[in-house]
Amino acid sequence: MRSRRDLLKSAVLGGGAGVVAATALGSLGPEAAFATTAPAIEPGTPDPNFAEGRIRSIKENTLLVLGSNMVFHTIRVVDGTSLWKLGPVGFDQAKPGDGLYARGVRMPDGMLAAEAVWLNIVNIKGHIKNITSQTIHLDHNGHEVLCHVVAGKSVAIHSESPATSDLSMLKVSQHVQILGAWRPDTNEVDIATVFSPH
Amino acid sequence: MHGIAASQPYVIAVFLIWAGLMKLLSRRMRAQAGQTALARLTGATRAVPALRLVGLVELAVAAALLLPPVHPLDGVAAALLAAGFLAYLSYAYVAAPTSSCGCLGAHSRPVDLRAFLRAGVLLAAGLVAIGAGPYPPLAPLVLLEVVILLGLSAELDRYWLTPTRRLLVRLRRPLAALPPGDVPLETTLHLLRRSPAYCSASARLTSDVRETWDEDGVRFLVYGARERSAVFAVPLAGDDPAAIRVALVDEAALA
């Protein structure tokens with residue numbers, strides 16, 4: 001692990017640049033980059049390289065997921081897959097019952113080889129009903145959502161200012177948007193980012 | 001007992017006068033009539049006339065309750081009106097769960113438990129008022145009931161509940177800054193996403209953050225970029241996005 005990280009470190013600090021430049025591999029301009037990923041999807045049809053739903057079972061490195069439209073997906077997680085659950089996590093953090101969004105490449109057998117999986121990610125808007133010890137009670141269209149501040153993870157972004165781990169500027173009755181990780185089968189959310197308009 | 005019954009007409013009348021006057025006089029309430037559950041019940045075009053009619057009925061019942069002679073029918077009318085409110089709230093809760101009730105003032109909150117409790121208390125008061133005789137009311141009881149009903153009114157929350165909660169938050173500081181520990185990853189990501197390095201590489205990225213570690217005051221983040229990896233080096237101190245560096249690495253070739 002150490003040697004691999006050392007290699008990556010020397011690559012970015014030694015040969016790295018402020019921007020990605022053209023390389024021997026061909027143009028790195030946006031045209032070339034987008035040309036390789038041009039979506040071959042008919043408008044109105046579902047994106048074959050995307051899946052959403054809740055995990056029913058986990059077998060080795062394969063997730064069986066039931067989509068909200070009652071379609072089953074099998075999703076394979078490999079070494080190169082990124083997993084998010086309030087931050088980058090290992091595959092062992094994926095549990096049956098978790099909701100997910102996954103993006104990757106659809107294999108000919110129908111399996112989705114995942115490049116990125118986001119577990120329980122939610123994005124909710126509402127106004128702050130009350131603030132108690134390390135929790136924000138959010139009123140989202142009349143439904144209360146209990147949002148937990150997670151030390152060392154939760155940040156607030158006020159307007160365009162840099163993200164800060166100090167959430168004490170938030171006020172009762174103001175509007176916010178909260179990005180976080182849902183706790184399955186509850187009305188509770190762990191906060192990743194609180195966006196405040198001021 | 002007689003005093004309790006005799007107090008109820010005054011409590012009910014206070015609320016009916018408030019509700020009736022709001023419906024007849026509040027311009028804002030008429031403007032928002034289309035968003036209440038009443039509009040759902042009567043159709044949007046008839047919402048304002050229906051609102052006015054309900055307001056007139058409320059004022060008429062309030063007048064009957066306050067003016068002598070005391071008659072059991074006054075209480076019956078009040079109880080019927082309160083039962084009508086309860087039925088209307090149930091309808092709003094089922095048929096238009098996101099609409100406000102439009103009962104006592106303009107606000108956008110949907111019908112909740114407090115609205116039902118308030119209508120329930122008014123119904124109970126109406127039923128007790130049927131047995132009211134010509135006795136003097138108990139002023140403390142009237143006051144207590146009015147305060148309870150006001151507390152159950154979501155329309156007034158911004159005048160007492162929100163300021164109280166704000167004051168408590170200011171005194172208790174429940175989200176007081178924790179002792180400064182590590183820089184949260186989201187803070188680094190917020191900076192990273194605004195950097196020229198990330199913008200130039202973002203079209204190539206295929207995954208979210210795969211791996212991250214801190215070393216010598218620099219946070220390293222690894223993303224997947226097709227068969228290669230994109231490595232970003234973000235200084236932990238400072239907030240200049242231009243200081244972020246990136247490299248695309250072929251990990252298979254490195255191994």
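1. In the largest nonpolar core, which has 43 residues, the members that touch the most others are I12(B), A78(B), A82(B) and L122(B). A nonpolar core here is a set of buried Ala, Val, Leu, Ile, Met, Phe, Trp, Tyr and Cys residues joined through C-beta atoms within 7 Å, where a residue is buried if 20 or more other C-beta atoms lie within 10 Å of its own, exposed if 12 or fewer, and partly exposed in between, with C-beta atoms placed from the backbone. Two or more residues of this core come from each of α1 (2-25), α3 (37-42), α4 (47-66), α5 (72-95) and α6 (113-129) of chain B, and α1(B) gives the largest share, ten residues. Helices (H or I, at least four residues) and strands (E, at least two) are DSSP runs, numbered from the N terminus.

2. The structure is a predicted model, in which local features need pLDDT of at least 70 and side-chain atom pairs count only at pLDDT 80 or more, while totals for chains, interfaces and linings use all residues. Residues are numbered from 1 along each chain as its sequence is written, and chains are lettered from A and ligands numbered from 1 in the order in which they are written.

3. Leaving aside neighbours within four places in sequence, A78(B) is in contact (C-beta atoms, placed from the backbone, within 7 Å) with I12(B), V61(B), L65(B), G126(B) and A129(B). Another core, of 26 residues, lies apart from the largest one, and its members include V12(A), L221(B), V231(B) and A247(B).

4. Chain B has eleven helices and four strands. Its radius of gyration, taken over C-alpha atoms, is 31 Å, well over the 18 Å that the globule rule (2.2 Å times the number of residues to the power 0.38) gives for 255 residues, so chain B is more spread out than a compact globule. Along the principal axes, its C-alpha atoms fill a box of roughly 95 × 45 × 30 Å.

5. An automatic or database domain assignment divides chain B into domain 1 (2-172) and domain 2 (185-254), and the C-alpha centres of these two domains lie 59 Å apart. Of the 255 residues of chain B, 37% count as buried.

6. In chain A, H198(A) is found in the segment after β12 (188-196), and this residue counts as exposed because it has 8 C-beta neighbours inside 10 Å. Beyond four places in sequence, H198(A) is in contact with H158(A) and S159(A), whereas R183(A), 15 residues apart from H198(A) in sequence, is 28 Å apart in space, C-alpha to C-alpha.

Terms used. Contact = placed C-beta atoms within 7 Å.
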